[in-house]
Amino acid sequence: MTLLSVKDLRVTFDTEAGKVEAVRGVSFSLGRERLGIVGESGSGKTMTGRSVLRLIRPPGRIEATEMVFDGTDLMAASEREMRALRGQRIAMVMQDPKYSLNPVMKVGAQLTEGLRLRDGMSAKAAREKAIEALEAVQIRGPERVMEAYPHELSGGMGQRVMIAMMLIPNPDLLIADEPTSALDVTVQAEVLSILDGLVRDRGMGLIFISHDLRLVGRFCDRVLVMYKGRVVEELEAKNLMQAQHPYTQGLLNCLPRIGGSRAPLPGLDRAAEWAE
Amino acid sequence: MALIEVENLSVHYGAKGQLVRAVEGVSLRVDARESYGLVGESGSGKSTILRAICGLAPMTAGQIRIGGQPVPTPRGRAFSRRVQMVFQDPYASLHPRHTLDRTLSEPLAIHGIGGSDARVVKALEDVGLPANFRFRYPHQLSGGQRQRVAIARALMLEPEILLLDEPTSALDASVQAETLNLLNRLRAERGLTFLMVSHDLAVIDHMCDRVLVMQHGRAVEELTRDQLAGAQMTTDYARTLFDASADRMLGA
């Protein structure tokens with residue numbers, strides 16, 4: 001069953017220096033599965049994720065021949081309809097908790113704000129639900145974290161707070177933009193198993209945006225590899241090591257490996273035709 | 001004699017009335033021209049050790065010696081001639097309103113070293129940045145280019161020791177490869193000693209001769225590169241960390 005279908009998505013920024021095309025004709029469809037989008041910074045992977053929520057500010061423009069989420073045409077939806085979707089049905093975990101949490105509001109207040117305003121919960125019930133959500137992302141001492149300001153949390157804690165916040169309304173689709181890049185390998189494994197459980201138990205769809213090819217290969221079902229705004233390769237995650245495209249191969253080869261040689265790591269020679 | 005000696009170092013500080021034991025009785029020795037890694041999860045105290053060496057974190061107990069001499073407090077100029085640090089986040093560690101020229105020539109001015117014009121040009125060249133970047137601001141550079149500037153800045157005073165705090169964790173895979181190659185080249189050319197923090201075992205394995213695994217502010221286990229590659233760790237925690245990095249193995 002298709003949850004989200006995107007055809008020929010384009011994101012263009014009209015700048016003084018001319019048009020900058022951040023995303024150039026990306027198509028994919030997503031069921032209740034884990035789709036990974038990998039690429040380097042500037043490859044358009046974040047813009048692709050943000051487009052689904054129509055979170056691109058002018059001078060940026062989104063164009064697509066089709067962008068349908070669970071029967072709703074996202075291109076034709078009014079701003080009011082989009083607001084009803086955002087957070088409730090499609091949630092997004094942003095990359096950097098330092099910039100995405102409100103710095104002058106306690107974590108507890110931020111977590112309960114939506115529950116109180118949108119769902120009209122009592123302060124006590126909202127607080128309980130928020131603490132439950134923090135426990136679900138393996139935060140030790142959730143009461144203490146509720147009373148903390150974002151700057152008092154480490155990167156890993158902040159990221160888990162973000163994930164907890166996004167999961168409270170039980171969305172159908174979660175777009176996670178580098179949700180674990182600030183985390184250590186051991187914590188990363190925990191967060192991934194939380195996300196994994198949600199996909200399996202709640203039947204949530206997940207778009208997992210990351211620059212970490214190995215992580216995506218291990219965690220996702222399918223992978224889109226993006227380069228300069230285009231999808232250069234789409235493949236089953238388990239076949240990642242047999243990637244055909246030289247860009248994907250280059251990305252894999254430039255990673256150091258435990259027990260590998262100490263020779264200089266191969267760089268990535270970018271060929272102009274990859275961007276075609 | 002080891003170049004860097006850290007003996008029973010403890011760093012405690014009070015936060016909100018609670019005593020935080022960031023580092024608890026950690027000892028390590030790094031020989032001259034060696035590359036030594038510290039690995040562990042966030043909050044394990046690995047960065048705090050680097051900060052304590054630089055005087056950016058308070059030493060509660062223990063001793064730090066560089067070349068056999070206890071470090072003075074405050075660290076002073078002689079110390080910064082020998083020891084320099086590269087921080088994790090190149091977006092936060094460069095002054096946003098200083099051009100690269102100013103960032104790179106400031107240490108020279110402080111230490112009264114002449115010929116800054118030629119030295120800045122040379123420094124840019126050494127880290128592989130075009131000379132015409134000299135009067136740019138950090139926001140006009142990519143993350144990898146910024147980290148190169150941070151490395152160039154640390155090398156301006158020609159130190160013996162570089163303290164590297166997750167120097168590539170904010171960078172893309174291909175840029176990480178370039179930066180690691182750059183650091184290895186500079187170490188070989190200049191005979192530098194590295195004390196490097198990372199949470200990525202593969203990066204540590206690629207860069208370091210020995211590694212100290214840390215957890216909750218304590219040293220768990222010290223491994224040589226061969227022991228790490230051969231999975232010959234004796235503690236459960238080092239094993240857990242290794243298993244979590246299984247996708248970073250050769251052949252994976």
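User: Which residues of chain B does the UniProt annotation "domain: ABC transporter" cover?

Analyst: In this predicted model, the span that carries the annotation is 37% helix and 28% strand, and its end C-alpha atoms lie 26 Å apart. The label comes from an unreviewed UniProt entry, and the part of chain B that it covers is residues 4-241.

User: Which element gives the largest share of the lining of the second largest pocket?

Analyst: The second largest pocket has a volume of about 570 Å³. Among its 23 lining residues, those closest to the centre are A:Arg86, A:Gly87, A:Arg118, A:Met165 and A:Met166, and the elements that give two or more residues are strand E7 (90-93), helix H4 (107-117) and helix H7 (155-167) of chain A. Domain 1 and domain 2 of chain A each supply at least three residues to this lining, which by class holds 14 nonpolar, six polar and three charged residues. The largest share, five residues, comes from H4(A).

User: Which element gives the most to the lining of the largest cavity?

Analyst: The largest cavity, with a volume of about 380 Å³, is lined by 29 residues, and those nearest its centre are A:His211, A:Asp212, B:His199, B:Asp200 and B:Arg248. Two or more lining residues come from each of helix H8 (185-202), strand E9 (205-210) and helix H9 (213-219) of chain A, and likewise from helix H6 (173-190) of chain B. By class the lining has 11 nonpolar, 10 polar and eight charged residues. The element that gives the most, with three residues, is H9(A).

User: How much space lies in the second largest cavity?

Analyst: The count comes to two cavities of 30 Å³ or more. The second largest cavity is lined by A:Val185, A:Gln188, A:Ala189, A:Arg218 and B:Ala244, which divide into three nonpolar, one polar and one charged, and H8(A) contributes the largest share, three residues. The space in this cavity is about 40 Å³.

Conventions: Residues numbered from 1 in each chain as written. Chains lettered and ligands numbered in written order. Predicted model: local features only at pLDDT ≥ 70, side-chain atom pairs only at ≥ 80, totals over all residues. Heavy atoms only, no water. UniProt positions renumbered as here; feature names shortened; annotations may be inferred. Helix = DSSP H or I, 4+ residues; strand = E, 2+ residues; numbered from the N terminus. 1 Å grid on protein atoms, 1.4 Å probe; cavity = no way out; pocket = protein on both sides within 12 Å on 5 of 7 lines; lining within 4 Å. Points joined across faces, edges and corners; volume = space filled by probe spheres on them. Nonpolar A, V, L, I, M, F, W, Y, C, P; charged D, E, K, R; others polar. Domains from an automatic or database assignment.
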